[in-house]
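These are my notebook entries on a structure that I looked through piece by piece. I wrote down each thing I looked up, together with the cut-offs behind the words.

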Amino acid sequence: MTPHFETRNACRVFRSATGDVRALDGISLAVERGAFLAVTGPSGRGKTTLLALLGALDRPTSGLVLFDGEDLGGASEPHRSRVRRRLGIVFQSSPMIERLPLWENVTYPLVPRGVPTRERRRLAKALLERVGIVGRDAARPEELSGGERQRVGVARALAADPEAILADEPTSDLDRGTAEAVVALLREFHASGRTVIVATHDPVLEALATRTLRLG
Amino acid sequence: MRLLALALLATTAFAGDTWDRAVEKGVLRWGADEEGGGPFVFRDDEDRLQGFEVDLADAIGRYLGIRMEFVQGQWDRLPDMLRADKVDLVLNGYEWTPDRVLAMEATAPYYVYALQLLARKGTLRSWDDLRSGGPRKVGCLAGSAAHEVMLRLAEEGAPLEVVGYDGNTDAMKHVETGNLDATLQDTPIASFYAPHFPGLGPVGDPVAPGYYVMYAREGDHRLVNRLNEALIVLFRNGELERIYGRYGIWTPEQEQLATILETGRFYGFQKAALSEAAARTDATAGEVRAGERRRGWAVVTTYGMQLVRAAGVTVLLSLVSFPLAVATGLLIALGRIYGPRWLRPPLAFYVEFLRGTPLMLQLYFVFFFLPELGVNIPAFGCAILGLAINYSAYESEIYRAGIQAVPKGQMEAALSLGMSRLTALRRIVVPQAARIVVPPVVNDFIALFKDTSVCSVVTIIELTKRFSVLSQSTQATVELMLMTGALYLLMSYPLSIVSRRLERGLEAA
């Protein structure tokens, strides 16, 4: 069976004035559909870079990145944005569109699918409640704490009903209670037969994984 | 500039025969500088083009049966314009010099001038006072024969500091105010402007007589022959004397022209077949002297409308060129940040090159050099193009900074929502950058607005050039300066207000 995600000897080099930085040095990996992969390792070893390559947010300097057996690195920008629409991505920094309220941020991916506004708002409210943010769906991103932003990021990744979730340290800023809510969501998502890839230092998430890749 | 001039010399823009083209189109374009002032070419109080060269051009046109079209150009750039095919002949007090006939075709002379030394009455008795005695400061029109004479005198050891001026009457004004000790002027200027400068007097007799000639492009012998023919006829039928008399510059020396024109005793001048059927004009035109010297409010009422019209040109130049600069600058900034890697170095070079060279040089390039490559854009187009290209470099740097000031996460967030890069730029990044860049962009617009004054080098007469021309011909510099400054302020201040509104509006969005 074709792996859901695959890399073959993928390298990513960042050029800078002070010299080249090899963020990722020849990684080969295959993630089957429905797997739960935990990527671990010390900071600065390329966990975030790997997720960016798998999520079609960045292109490899050399080597291959495949999604469903199709090359992503050399694909056209429209093709890559179609792939991104099939994925839920949780960033470490949880960037949001600051001028839109939370509920718009969470369900923005549904706009092109023609989901009506009232439906989107209802869905956003439910998702935000699942991550413990109640009654604040009209708030602006700037009113949130770091931990709250991270949870909104998880809710947003789930909104479009993606076939896989790529999450970068989704529990790092959370206390035990809220972290458990996020872990539960990811476990539930995985239990429905879909793929989860997390970069994490969290032993709870690591324990949940079916596979672990250690970088560095 | 010298390099550019050499490049211009290397080839000739227009290979065909100018005379044939003139006959075909019925138009001959002659170049002169209004800023040179009376009695050559100047605007009178009613904004009409006047001057003995204007009348001469008209008389020649009547004889040749061709319309003579005046083209404004900076005096010392007229030969460049000739080579770049912006004009067909130069007719503007250009002296016959051996250097010039190497590069251009000269006609027979149309005026015999000499150089008159002028000083404040009672300060200098003779030329000897310049050669010996204390150090003195003298001024002349830069690049003119008078300038050459003074420079030579200084080289021979006279204790002189020689200053070059862009306009004729500036030097006379500075002698009057005491900034200069003396000025050397062509006799027509000295006599025409004498009423304006009652404090100045001639020192000694006129010296170094010479000839004003018309210059045509190298190889345009047929045009030159036709022009010479016209001169001969106009001299014979008394038209020349009538024209010069009108401006008070007919002198006994002009009789020399008879000898030269009748015998053809002039370098390479071929006596053309003459037709006595020259068009005569009625000698009813009155005498033209320099207008009375106005001061104070009279200056505003007399010349105000001329300045306001020129301000319109300034506004038009700004309003057309700036949107072009904004659009180009935005594309360059996006290309440099998000474009393919191979595109970035050439774009960086574009920006650095344009920021690192003066706007004036770029305008020269567009106006004088592009015709060499077969691209002949009218002066107004050149000005717009030059301004737009120059400012696009500055704009692109502003947008680059603005886009980079939008947190990187915004792009990632947009991408992770499934937007394409282009949509993310359009919907997320550029709107946020817009708010950041409004103040510097408005700042740039005001700068461009004032930089339009540089366009006078490509023959555009906008507000500053009009001020300069008027102050040459009227000497009411202070009043004109105040009026010009007020007009600029009146136009740029509303921009600042609009900018503040815009900022507030974007803040709210």
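**Entry: the interface.** I looked for salt bridges (a side-chain nitrogen of Lys or Arg within 4 Å of a carboxyl oxygen of Asp or Glu) across the interface of chain B and chain A, and the rule finds 0. I then looked up polar contacts, which are pairs of N or O atoms within 3.5 Å where, within protein, one must be able to donate a hydrogen and the other to accept it, and where residues adjacent in sequence count only if both atoms are side-chain atoms. Between chain B and chain A there are 4 such residue pairs, both residues being at pLDDT 80 or more.

Helix 17 (408-416) and helix 18 (421-451) of chain B are the elements that give two or more residues to the side touching chain A, and helix 17 supplies the largest share, 6 residues. Helices (H or I, at least four residues) and strands (E, at least two) are DSSP runs, numbered from the N terminus.

**Entry: how I must read the model.** I noted that this is a predicted model, in which local features need pLDDT of at least 70 and side-chain atom pairs count only at pLDDT 80 or more, while totals for chains, interfaces and linings use all residues. Residues are numbered from 1 along each chain as its sequence is written, chains are lettered from A and ligands numbered from 1 in the order in which they are written, and side-chain values use heavy atoms, with hydrogens and water left out.

B:Met150 is in contact (heavy atoms within 4.5 Å) with several residues, among them B:Leu117, B:Trp127 and B:Leu184.

Entry: After helix 7 of chain B comes B:Gly157, whose phi is positive, near 110°.

Lastly, I found B:Glu253 in the loop between helix 11 (239-246) and helix 12 (255-263) of chain B, where 41% relative accessibility makes B:Glu253 partly exposed.

Conventions:
Buried means under 20% relative accessible area, exposed over 50%, partly exposed in between (1.4 Å probe, protein chains only). Lists of a residue's contacts leave out its neighbours within four places in sequence.
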